[in-house]
Amino acid sequence: MSATRHLRRLLAAVALPVALLAGPGVGQAAAGPTAEPDMSWVGTWTAMPQLTEESNMPPPPFTGDDVVLDDSTLRQTVRVTVGGDRVRLAFSNEFGGAPLPLTDLSVALPLGGEAGVSAVEPGTVRPVTFSGGRESVTIPIGARYVSDPIDLALAPGANLTITAYLADGQASRSITSHPGSRTTSHLLAGNHVDAADLPGATPTDHWYFLSAVEAWSPPGTRATAILGDSLTDGRGSTTNANNRWPDQLFDRLTEEQDTPRTALLNQAAGGNRVLNEGLGPSALSRLDRDVIAQSGVDQLILFEGVNDIGTADATEAAQQAVTDELIVAYDQIISRAHAHGITVYGATLTPFGDNEMYDDPAGLRETSRQAVNEWIRTSERFDGILDFDAATRDPAHPHRLLPTLHDGDWLHLTPEGYALLADTVPSHIFP
């Protein structure tokens with residue numbers, strides 16, 4: 001370790017609360033200070049882990065023949081929802097083909113509070129450790145590791161910079177990431193975990209390894225998870241602007257509340273499906289990981305199914321089958337979530353008429369969409385309905401989106417279209 005880094009860690013240790021320094025051991029430090037028994041960890045940001053496609057691997061020279069990010073620094077920014085004075089991070093190696101060695105890590109506030117920047121605010125860098133002070137960890141294949149608590153005050157809706165250094169890289173081309181970050185990350189050779197900026201770094205619009213940020217939160221803080229596809233992941237939104245519909249919903253809640261106490265956890269991925277694997281595991285298979293196991297979740301918004309309908313053959317038999325299977329899947333998700341005390345809101349599927357890939361001349365997929373939406377609206381299985389279809393469809397052509405709302409493909413929305421989805425979610429479901 002460099003002398004500078006050693007000194008910084010000593011200073012950080014001096015600044016730690018007495019409750020952390022005097023705690024009885026590793027397990028308690030990870031769980032949170034015992035001096036605050038009513039506090040708890042609540043997720044404040046998430047990204048759905050998935051296997052990285054070849055086209056979304058780190059750009060050259062950071063992907064080799066059999067190793068990724070060898071002797072490399074990775075700097076990423078994420079936007080939290082609820083804030084707090086203490087956070088912890090979760091890293092995933094769920095899809096890694098080899099153990100994931102994290103050599104050195106830090107968090108900081110990004111320069112100017114901006115998303116996607118490579119520089120950090122001076123004086124805000126904090127070291128990240130694991131299991132009571134370990135500076136380096138190796139995450140086994142398929143595992144998820146959570147850091148020790150980190151003292152860094154974050155306002156609601158603030159951006160957070162996370163920097164990781166991998167001395168030897170990950171010895172596989174199978175790695176875990178969230179490609180649809182809509183946020184710029186930065187890669188640079190060597191260890192620059194403490195650096196104020198990364199001049200000459202290579203930008204890439206993907207997140208790697210990081211799967212969650214949790215905030216040490218007072219009683220009453222809660223989290224709402226959102227299961228979705230590219231329409232929730234934000235295709236068509238603005239890179240580094242955080243204007244996906246969950247972001248815009250949180251902005252509205254922030255304006256309506258002096259102290260937002262509801263976290264929104266975006267657990268969506270482009271191409272994701274409810275029934276079968278697409279880009280990432282199916283919603284059915286990831287429900288436990290992405291909703292039930294997330295800290296503080298007591299509500300779920302389910303807005304997914306377009307890709308199931310759109311990738312099923314445009315035949316009467318195939319579309320009848322996918323309609324029936326989606327309804328059963330929704331019912332299963334509701335039952336499993338209710339068993340854990342989680343309230344479930346169903347969002348109707350938005351139109352895709354005139355989309356080159358999903359629309360069919362006979363309108364068979366539109367018939368499926370309408371049948372699924374009818375079940376969502378009338379089955380009384382959901383605890384509440386969010387009618388995204390009604391908010392975005394063209395009244396003159398209900399099988400299509402309003403022409404001003406899509407990004408050119410008649411499927412994905414513009415930031416203004418995502419604002420309509422956000423406005424459709426009533427504030428009263430977040431007491």
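Analyst: Buried means under 20% relative accessible area, exposed means over 50%, and partly exposed lies in between, with a 1.4 Å probe and protein chains only. This is a predicted model, in which local features need pLDDT of at least 70, side-chain atom pairs count only at pLDDT 80 or more, and totals for chains, interfaces and linings use all residues. Residues are numbered from 1 along each chain as its sequence is written, and side-chain values use heavy atoms, with hydrogens and water left out.

User: Is Gln50 buried or exposed?

Analyst: Gln50 is found in strand S2, residues 50-51, where strands (E, at least two residues) and helices (H or I, at least four) are DSSP runs numbered from the N terminus. Leaving aside neighbours within four places in sequence, Gln50 is in contact (heavy atoms within 4.5 Å) with residues including Phe95, His178 and Leu279. Because its relative accessibility is 6%, Gln50 counts as buried.

User: What percentage of the 431 residues in the protein is buried?

Analyst: For a protein of 431 residues, a compact globule would have a radius of gyration near 22 Å, and the protein agrees with its 22 Å; the radius is taken over C-alpha atoms, and the globule rule is 2.2 Å times the number of residues to the power 0.38. Along its principal axes, the C-alpha trace spans about 70 × 50 × 35 Å. The share of buried residues in the protein is 57%.

User: How many strands does the secondary structure of the protein have?

Analyst: Of the contacts in the protein with a separation of 6 or more, 79% are between residues 24 or more positions apart. The secondary structure comprises eleven helices, and the number of strands is 23.

User: Which aromatic pair is edge-to-face with 4.9 Å centre to centre?

Analyst: Rings of Phe, Tyr and Trp (its six-membered ring) pair if their centres lie within 6.5 Å, with planes under 30 degrees apart counted as stacked, over 60 as edge-to-face and the rest as tilted. A search of the whole structure finds eleven aromatic pairs. The edge-to-face pair with 4.9 Å centre to centre and 90° between the planes is Phe303 and Phe388.

User: Why is the pair of Trp375 and Phe382 edge-to-face?

Analyst: Trp375 is buried, with a relative accessible area of 18%, and Phe382 also counts as buried, at 9% relative accessibility. The ring centres of Trp375 and Phe382 are 6.0 Å apart, and the pair is edge-to-face because the planes are at 75°.

User: Which residues does a cis peptide bond join?

Analyst: Most residues other than glycine have a negative phi, and most peptide bonds are trans. Pro61 is found in the loop between S2 and strand S3 (72-79). With omega of about 5°, a cis peptide bond joins Pro60 and Pro61.

User: What is the phi of Asn240?

Analyst: Asn240 is found in the loop between helix H4 (230-233) and helix H5 (245-256), and it counts as partly exposed at 26% relative accessibility. Although Asn240 is not a glycine, its phi is positive, at about 70°.
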